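Hello,

Here is the structure we talked about handing over. Please open it alongside this note.

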Amino acid sequence: MRSQSTQELELLLAQVESLAEAQADVAARDEFRAFVRHYYETASLDALRLRTPEELFQICHAHWQLAQQRSAGDFHVRLTPPAAGSTRGLAQLDTVVEDMPFLVDTLYMAVRTAGSPIDWSVHPVVAMRRDAAGRLQQTRTAGDGETGESLVHLEFEPLRDADGYAALEADLSQVIRDLRTIVDDFPAMRARLREISASLAEVPPGGDAAEFAEARAFLEWLDDAHFTYLGVAETEVVTEGQRSRFVMQPQASLGLARSGARYADPDQLI
């Protein structure tokens, strides 16, 4: 026998599907109805109860339209101020981007840094089959080990003015690019740390064995899931006259310190 909560969830999704049947474009109706299931299947019933079936339909349908086109390497960020006469009076954020670790937390922090508390959210990860031009062909639930597309929907207290939304949109785009750089370079950054840790096992002449052991133990502790690697910057000490300074080695830098990334300039690390 199905639980009461399961029955309630099925009834709610059936209501949303009924709205899809009545309002979605005829040509894509069947595909959109399947998308509704993929979109809300990981959301909690408690969260879905906070929105009416009509609101759930509108949220899902707007995200469906945003996801229709995305080329490899691109991402979509859409901010929507509260509509005139809106009963809830909340702004909205929608994304279409490849799923990455820490993505939701990163977006949450950007919105909160802009000064707005978040009221409601859903975060489906959906496998999208696209053609060579990036046009959406079919959706399904992302399986284990499969990289789907992250469709984050946040509703938050409105910002003061249009400049606030423009600044937040720029910040959201930047942090997504930063996160992508971090995720891409994460294996290489971890390998670099392990190389440095292994090198400390050999104490050079005149070196303090205890200090080398302590430094190595610290690096091993970091690597034991106690640290998130954001960047690796290598510098070389260059002496000019009686003054010495650190010079960044761009070819050896990774993550947010790599060439063209947020902290490629070593002065930004001070």
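Below are some notes on the helices.

This is a predicted model: local features need pLDDT of at least 70, side-chain atom pairs count only at pLDDT 80 or more, and totals for chains, interfaces and linings use all residues. Residues are numbered from 1 along each chain as its sequence is written, and side-chain values use heavy atoms, with hydrogens and water left out.

Start with helix α2 (residues 29-40) and helix α4 (residues 53-66). Their axes come within 10 Å and cross at roughly 110 degrees. That makes α2 roughly perpendicular to α4 (65 to 115 degrees counts as such). Axes are lines fitted to C-alpha atoms, for helices over the stretch in contact, with angles from 0 to 180 degrees between N-to-C directions. Helices are DSSP runs (H or I, at least four residues), numbered from the N terminus.

Contact means heavy atoms within 4.5 Å. On the α2 side, the residues include Phe32, Phe35 and Tyr39; among those they meet in α4 are Leu56, Ile59 and Trp64.

Now helix α6 (residues 162-199). It has 38 residues. It bends by about 55 degrees at phenylalanine 186, and proline 187 follows within four residues. The bend is the angle between axes fitted to the seven residues ending there and the seven starting there.

Lastly, valine 104 is found in helix α5 (residues 103-113). Valine 104 touches His123 and Val152, not counting residues up to four places away in sequence.

Best wishes

Conventions
Helices (H or I, at least four residues) and strands (E, at least two) are DSSP runs, numbered from the N terminus. Angles under 35 degrees count as roughly parallel, over 145 as roughly antiparallel, 65 to 115 as roughly perpendicular and the rest as oblique. The expected span of a helix is 1.5 Å times one less than its number of residues.
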